[in-house]
Amino acid sequence: MSFEDVEAIPENDRNLVHTLIREEKDPKAVKDQLLAVLTAAKDPSSMTMAFAIYELARNPDVAAKLQEEISRVCGLSNLPTAAQIQEMTYAKCVMKETLRMYHSLYSVLGLQRRTDVWGPDAEVWKPERWLSHTAETWSFIPFNHGPRVCLGRVFGQQQVLYLLNKIKVLTAGTRLLLPWQQWN
Ligand code: HEM
């Protein structure tokens, strides 16, 4: 696809690749930029989702509260709209607490588990803390801050919240087993 092909596409119909071709022109630069975004996008989102599932499986009381919220806001047999996702206060607490406790950058991980900042239970995964806590800018930086802030932070959070909705199975009568547990 050439620069001229992209110019012929109406602006509102252009995607990321179209925009990069328009800005960069050099095919190698387009490929490099695309790769940078795709690699930056994949791992942190999937890691956050994996740890959220892990903690929900270990904390059935939290999973039950999450199910109650999902059921109230969009019903257990529907997928949520973007607006409904924004209404899900408890789901956001689950997401934020997972982003606080689990992070691929050690510097962020260390900061977000400091007992002098987060209190004596800093090492405990406790979504409820977010119902009353407003983090100061530099004590909670899962997406970094300033000029290097994550470009996909809104999309990343939307992905995690959407997944929490999609795995309603967690609480809909299904019990997840951890490797060291047995059916009884
Ligand atoms: C829960 C999900 C995510 C987390 C926790 C996360 C976290 C981060 C962090 C901490 C940085 C800064 C790294 C640094 O300081 O060098 C970053 C950068 C970046 N992220 Fe994310 N990210 C997430 C999802 C995404 C998604 C979904 C995308 C794209 C669709 C994305 C695209 C990027 C890009 C392009 C950068 C580089 C920004 C720059 O250096 O100018 N991220 N992310």
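Of the contacts in the chain with a separation of 6 or more, 64% join residues 24 or more positions apart; two residues are in contact if their C-beta atoms, placed from the backbone, lie within 7 Å. The model here is a predicted one: local features need pLDDT of at least 70, side-chain atom pairs count only at pLDDT 80 or more, and totals for chains, interfaces and linings use all residues. Residue numbers start from 1 along each chain, as its sequence is written.

**Overall build**

- The chain has 10 helices and zero strands, with helices (H or I, at least four residues) and strands (E, at least two) taken as DSSP runs and numbered from the N terminus.
- Read from the N terminus on, the order is simply α-α-α-α-α-α-α-α-α-α.
- The C-alpha trace spans about 65 × 40 × 35 Å along its principal axes.
- Of the 184 residues in the chain, 22% are buried; that label takes 20 or more other C-beta atoms within 10 Å of a residue's own, while 12 or fewer makes it exposed and anything in between partly exposed, with C-beta atoms placed from the backbone.

**Helix 3 against helix 6**

- Helix 3 (residues 27–58) packs on helix 6 (residues 89–101) at an angle of about 110°, and their axes are 9 Å apart.
- For these numbers, axes are lines fitted to C-alpha atoms, for helices over the stretch in contact, and angles run from 0 to 180 degrees between N-to-C directions.
- Helix 3 and helix 6 are therefore roughly perpendicular to each other, on a scale where under 35 degrees is roughly parallel, over 145 roughly antiparallel, 65 to 115 roughly perpendicular and the rest oblique.
- Helix 3 brings T48, F51, A52 and E55 to this contact, and helix 6 answers with V94, M95, T98 and L99.
- The residues of the contact of helix 3 with helix 6 sort into five nonpolar, two polar and one charged; Ala, Val, Leu, Ile, Met, Phe, Trp, Tyr, Cys and Pro count as nonpolar, Asp, Glu, Lys and Arg as charged, and the others, Gly among them, as polar.

**Helix 6 against helix 10**

- Helix 6 and helix 10 (residues 153–166) cross at roughly 115°, their axes coming within 10 Å.
- On the helix 6 side you'll find A91, K92, V94 and M95, meeting Q157, V160, L161 and L164 of helix 10.
- This contact of helix 6 with helix 10 divides into six nonpolar residues, one polar and one charged.

**Helix 3 against helix 10**

- Helix 3 also packs on helix 10, at an angle of about 30° and with the axes 10 Å apart.
- Here too there is a right-handed crossing, of helix 3 and helix 10.
- P44, S45, T48, M49 and A52 of helix 3 make the contact with G156, Q159, V160, L163 and L164 of helix 10.
- The tally for helix 3 with helix 10 is six nonpolar, four polar and no charged.

**Around the ligand**

- There are 19 residues around the ligand, of which A41, P44, C150, G152 and G156 come nearest; to be near a molecule or strand, a residue needs its C-beta atom, placed from the backbone, within 6 Å of it.
- Helix 3 gives the largest share of the shell around the ligand, seven residues.
- Helix 3 and helix 10 each supply at least two residues of that shell.
- By type, the shell around the ligand holds 13 nonpolar, five polar and one charged.

- M95 sits in helix 6 and counts as buried, with 24 C-beta neighbours inside 10 Å.
- Not counting residues up to four places away in sequence, M95 touches A52, Q157, V160 and L161.
- M95 and L163 are 68 residues apart in sequence, and 10 Å apart in space, C-alpha to C-alpha.
- V108 lies in helix 7 (residues 106–111) and is partly exposed, with 18 other C-beta atoms within 10 Å.
- Leaving aside neighbours within four places in sequence, V108 is in contact with H103, I141 and P142.
- V108 and E87 are 21 residues apart along the chain, with 28 Å between their C-alpha atoms.
- N144 is in the loop between helix 9 (129–132) and helix 10, and with 13 C-beta neighbours inside 10 Å it counts as partly exposed.
- Phi of N144 is near 60°, a positive value in a residue other than glycine.
- Most residues other than glycine have a negative phi.

Methods. Left-handed = near helix turned anticlockwise from the far one by under 90°.
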